[in-house]
Structures are given as C-alpha cells and as structure tokens.
Amino acid sequence: MATPYEWKISYNHFKPEQERLREALCTLANGYFGTRAAAPEASASKVHYPGTYMAGLYNRLKTRISGKTVENEDFVNCPNWLFLTFKIGTSDWFRPSTDNIVSFHQELDMRRGRCSRRILFEDLYRKQTLIETVFLVSMANPHIGALKYVITPKNYSNWITVKSMLDGSVVNQGVERYKKLNSKHWRPFSLGFYDDNTAFLSMRTSQSRTLVSQACRVRIYSEGQALTPETKNILEGKEAVGQEFKIFVHRNKSYVVDKTVSIYSSKEKDTAYPSKAAVKALKNTGSFDEVCNNHEKAWLRLWDKADIRVEGDTFSQKILRLHIFHLLQTASPHSARIDAGLPARGLHGEAYRGHIFWDELFARPFYDLHIPEVTESLLLYRYRRLSEARRYARANAYRGAMFPWQSGSSGREETQVIHLNPMSGKWGPDLSSRQRHISFAIAYNVWKHYSLTGDFNFFLKYGAEIFLSIAQFCASLIRYDPKDGRFHTQGIMGPDEFHEKLPLSRTPGLRDNAYSNLMISWVLSKANEIFTILPMEHKRSLLRRLRLREKEIRHWADMAKKMKIIFNEKGIISQFEGYFKLREINWERYRAKYHNIHRLDRILKAEGNSPDDYKVSKQADSLMIFYLFTLSEAEDIFKNLGYSFDAEKLRKNYQYYIKRTSHGSSLSKVVHCFIAHKLGFYNDSWDLFVESLEADFYDIQGGTALEGIHLGVMGGTVYIVRKAFAGVEFLKDRIRIEPSLPKSWHKLEFKFFYRGRWISLTIRKSQVIIFIHALGAKPLSFRVEVNRQIHDLFSGKIYKIPLRDKDKSLS
C-alpha cells in the first residue's frame, strides 16, 4: 500500500539558497506549458526565478562578445501569470524572501499534480498572517493554469489589498553563464480588460514573431460566498496588466483568492487570434475546485498507465515517481498536437536554451511503453525538419540527412560557436556540433519505436524515410582506405565531449570514434534490412525522393562490414585513433584540490591545460553501444565487422573506462550503472543507480538542476528498473523476463503497453505474476520467457511463475 510520503516532496523550512532548486523540482507542466514553482509573490531575484515556458517557443537574439557577433536561439521565458501578493493596510507588499517567516511548509503532490505551500509570517507590527496556496498547470486542459491563494489573519482585523498581475516585462536571466547575452525577447502587442474581473496581455517575440496571449480572472470568496471587493485596474507601461482588490478581513477568518489563467499561442493550428481564444477558454472554465478536480482525474489516468510501485525502499520509490512525473509533464498526451521536440532540461528552465539534443534516446523507452503517441510526436518533430537536415548535410558536403547536435524551432544547428568557461570566466570555441552521433540516435529511436509498437503504418509514412535518409548520410560520411580495406570517419566527436581534437592539432574533430563507427555499421546494415520489408510502391517512392538507387542500398550492407574499430593488445576499444597515446591524469590530486571534478574539462582549461591531452572522459563513449544493445546484439555488430567480442572483453573495457571518466554528464552514471548490472557488478550498479536518483534531487553537480531538470537521466533510471532490475526485454518472437531485484526491494510492480495490449507485471523474490489485459472477446496469446523457460500466455488470465533461487535478487 503506497503511503502519502511516497507521493510527495516536502520542505519544512524556507531556505533562500535552495529556492531556485525547489522551483525547478516542483515545476508543474502539462506538455504544452510549464511553470516553475516560484513563490507567487516573487519577482526574479537572487532567491527566486519565476518562469513559464511553452513547448517549442523560441526566439533568436544577437550579442557582441569578444569581438564577435554571436546569435543564439533561446527557450523564451513567457509572461509571468502566477504573480499575486497582498499587503496589510498601508504596509509593504508581502514577499517571502524579506518578511519574517514563523513557519513554512511546501509540498509537491505528484499523484495529484499540484504544488502547495503554507506560510505563517509576522510583520513589524506583530500581525500574523497565514497564507496557504495551491497552484496547478492543468493536465485536463493544456491551456489552463490556476492558483488558489488563501489569506487568514491570525491576530488582527484590517483592510488588505490583493494584487494580481500578468507580467510581460520578464527576460531570460535564469542561467548565470548566459547573463552577458541579450535576453529581452518580448515586444508589447496589446493589453487591457474585457470585464470587471478579466485582464488580458498579448506579447510578441522579437524575431520569431510568435504571439502569446494570456487572459486572467480573479475571484475572492469567504466562507463559500463571493465577495465584491473594491477593484482597481493596473496598467504598468505596455508590458504588464493587473488588478488590485481591497477587502476588509476579520481575525481568524479565511479569504480565498481564486486566480485562473488561460494561455494561447499563434503557433497553434487554427489559432489566428490567441487573445480571443484565451478569453473564450477562460469563460468556459469553472472555479479552481472544478479545474482541480478535472486535472486530478487526468493525472490519475496517467499514473494508472505509468506508475512504478516499489516495496521496501521508500527513497527509490519516491524519486522514481518524481522522475516519471517530470517525464509525463515535459511530454504528455497533449504533445501530439504540438510541433515540439524533447528539451533536455524539460519545461523547467532555460539551461541549454531549451534545445533538443539526444535525450529522447534515454526517455523514448518510457514513452514507447506507456504513451506511444508521445514518441510519435517526438519523431514527427524530426520528420518535419528532414529538409533542414538535408540542407545541413549538403552544406557540409554530405548526402542524406544530418541532424544538428542542438535543435530548436527550425531544425538548423543551434550549437553555439563560443562557450563561456565559468571556472576561468573566458570564452572559447565550441566544437560540439561535430557530434554526428545525434543522427544515429534518431535512426535508432525510429527502429526501436517500430519494434516495440509494431506500428507499421507510422513506420511506412514517416519512420522509413527518416531512417534511410540518415543511412544515406552515414554512407557519405565515411571514407574508404585501400591500405587497410576499412572505412573511416574523420573530423567528428563522440558522446564524451571533452575531446574535440587531437593534441596540438589544428584540425577539429577526431578520427574513427569507436561509438560512431559502430553505430554507422548498425545503421547501414539495418537500412538494408528495412528496405527489404517495404512494399514495392514505398520502395519506389523513397528511392525517388531520396535520389537513391537500389544498388546503393545493397552496397551499404557491404560498407557496414568494413568500419574501422581500433583495439589495443588487451582488447580495449580505442575511443578514437590516437587515444592510447594520450597522457594519464592524476585523479587523486584533482579530487583533493577541487573536490567536485565532474567538469574536469573546465578545470583543465582554467589551468591552461586541455582535456584533449589526457585520457579523461566526460561520460560513456566507447561503452555507449552496450547501453543501447544487448551483449548478443553488440557481439553480432562486432562479428559483422570481423571482430570478436564477448563478456570478458566488455568487463575489461568497463573497468578501463570507468576509471577514466569524470561523470561530467548526469547521463554517464546511468550508462555505467546499466553496464555494471549487465556484467554482474551489482554493488557498483546499485551505487550508480542511487547516485542517478540523487542527481537532480540533491543537485549533485552543484547548481545545474536549478536551471532545469535533466530529463535524460530521469528516463534512464526508469529504463534501468524495467530492463535491468525487472529484466524485461523484447525479442522478435517473445518477451524475456529475467528479474534481479535490488536486495531491499521486496516487490516491483508496473505495467506496459506492448503490441496493442497492456501487460501488468508483479515481481517478488519468489515469483513473477503476469496479467495480459483482455481487449475484446477474443483472447490473445503472448510468448513469454521466464527463467529461460518458454510460456504461452493468454490475455484475461493471471499467471504466477516461480523464480529459481539464483534469479531472485541481486547478490
């Protein structure tokens, strides 16, 4: 039985230095827009950072830095709809960061999708006021946000004034290292009042010309009765609009301020006039309690699909739910109507400028198995930018589709040209756009989505073209060397990111990054297989659109067998050509000196050195292939290339590279955790899993989580639970289940959607319980392998399958 503790994140003290992290962790979103859990009374400061972000809403600005003009496309901080405060008599407006707080409690209720706060504060005249707030971003209606603000004067009666605003004067200042860049994205469009309690604000972005409109309604109640306060309309220039409401309050009597906001954007289909749409939506929206009721029902439906239940470990249970919660908030069923990708830092802040990287590689399995239409919307985001990916490839003398490392509104490369090192305060060149592996990750996602869902229609209409376009790029990226009879890559970077080029080299990029070469081999081989399963009319259509010939595709299979992978005499994969010639680094000296060495690249550069000179990695690179593929699948990739590989070589490579990895990316520990589990290093795996759970919750990397959560690591922890701990793997003809629960976990429960059926799974130390949900009168059979024994199971029945002792739990 789940306890309330396992559904809630609570804070019992007001700590200014932690407010921004709490704002990020308690952000509420619905896939359409997200709002940080800043105090309603707060404006941007060192303590608080109010922020609202709409999926897919970007704007470009230019800045002159270090003698260069740089252009960045930013994830725009939208007008602050949440602002609401009050004052007693003629005193100052209440602000939690400056007033005397007697008691404080804040709570994120993940099950109900709402954030509440309870503050008792005392002013200079010893007047005590209890403030209770609840705010939500509706999962039932993606355009609605609501705030319930309850004021209870504890030891006085007096006049109070409530102030509510829609503030369009906001700027992007949520990331310290971006503060020297231009950040004023909004231009005023219109504002005003539709009636006595409805204000509206419309702002337009300066470059992308996107119009965003908000309409706001405020009502005040006491003891269930609507009050008619003295109202004053406020216009603050052309960028903010609001109202003040003056009422007389009585001691120990509560007064409820109900603020409801609707938000629309001109980016949406059939929304030519977002201000009219916002006002209309507001008129059709009921009270806070009605909005909350519908919102909570929508969340309960989502949790029924996506929850993971763990018995025996309350911390893992709570943080896994936090991770699932933010996955569902960033991309929800509403995402199917939006042209937006999966921002690496969620709808929670401005880090990475809200850009789209490769994080869907880590989050996609969650969406595939619980809300597959979300994966489709994320793949459609890529499909709609195929033409831009083709232009990018042509601009670099390649064929096919080369997707950018950082993507935003249009699909062009958004990776910055120069990057600020916060350790040194200096700007330096940024070569990370050379990470061509982003395209291989997209191809992988296309194939895995089809494999898990069996949705051949989507694959035919969109997926096959994406995949074959990327394969066409792969074939043009590599060069044949007759000296060794192998194909090579040149001038690219792997996931590591610390290594941008060889020491002393003036040529950017590296030669024969192992992970990239292995993925290219897989993409080319799989493309040949995909082409054979397409109907003839689709083959002809794709050949014509991609300007391909069938013999080229057949040749890809031969190219796939000749990619170059470099090993040393001990069987260690060389991350790239020349890696083994690099110097070792004194890890203990740097840990002793700096303690936190996650971003060892910045430390080295600040010292006048370069990570290019050392065997030091930010995150898994050569090992990444073993996160994406089973050991047998990886062995097949190596075998197809003419190399032998086995579990013993994987063990050696894992032990070699983890010692040389700083885990400067939160994704690093997810990948190493999974591989450690695969190798049977269960203690290491568990430690890395816990650290992955703690990454954002405790802001382990020191100041990054407050700028936005790390969505990839959240998807990765859920993936580890399903694929490693539950041991669920989807093969061509069956589902394989080989559980190995952590010692403290007594029971693990979840369900997943596979090939048109919901399947519920309960794993205990002694048995696996499987229930395939019926759909219609006709039973459906699934082949399931448990303990290496095959079972043919039928829908509508509960199956209890005992586990052998050695399969019960991690040793």
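View 1. The model is predicted: local features need pLDDT of at least 70 and side-chain atom pairs pLDDT 80 or more, whereas totals for chains, interfaces and linings use all residues. Residues are numbered from 1 along each chain as its sequence is written, and side-chain values use heavy atoms, without hydrogens and water. Helix α5 spans residues 360-370 and helix α8 residues 437-453; they pack at about 15 degrees with axes 10 Å apart. Helices (H or I, at least four residues) and strands (E, at least two) are DSSP runs numbered from the N terminus. Axes are lines fitted to C-alpha atoms, for helices over the stretch in contact, and angles run from 0 to 180 degrees between N-to-C directions. Among the α5 residues that meet α8 are Leu 361, Arg 364 and Asp 368; the α8 side includes Tyr 444, Lys 448 and Leu 452. Contact means heavy atoms within 4.5 Å.

**View 2. Glu 497 lies in the loop between β24 (486-488) and α10 (514-533).** Glu 497 has 18% relative accessibility and counts as buried (under 20% relative accessible area; exposed is over 50%, partly exposed in between; 1.4 Å probe, protein chains only). Its side chain makes a polar contact of 2.7 Å with that of Gln 435. Such a contact is a pair of N or O atoms within 3.5 Å; within protein, one must be able to donate a hydrogen and the other to accept it, and residues adjacent in sequence count only if both atoms are side-chain atoms. Leaving aside residues up to four places away in sequence, Glu 497 also touches residues including Trp 405 and Lys 618.

**View 3. Four strands form an open, mixed sheet in the order β25-β26-β30-β31.** Strands β25 (728-730) and β31 (789-794) stand at the edges with a single partner each, so one side of each lacks a neighbour in the sheet. The twist averages 25 degrees from one strand to the next. Strand β25 runs antiparallel to β26 (residues 735-737), joined by three bridges; two strands pair if DSSP finds at least two bridges between them. Val 728 has Ile 737 as its bridge partner in β26.

**View 4. Asn 787 occupies the loop between β30 (781-786) and β31.** Although not a glycine, Asn 787 has a positive phi near 55 degrees. Asn 787 is buried, at 7% relative accessibility.
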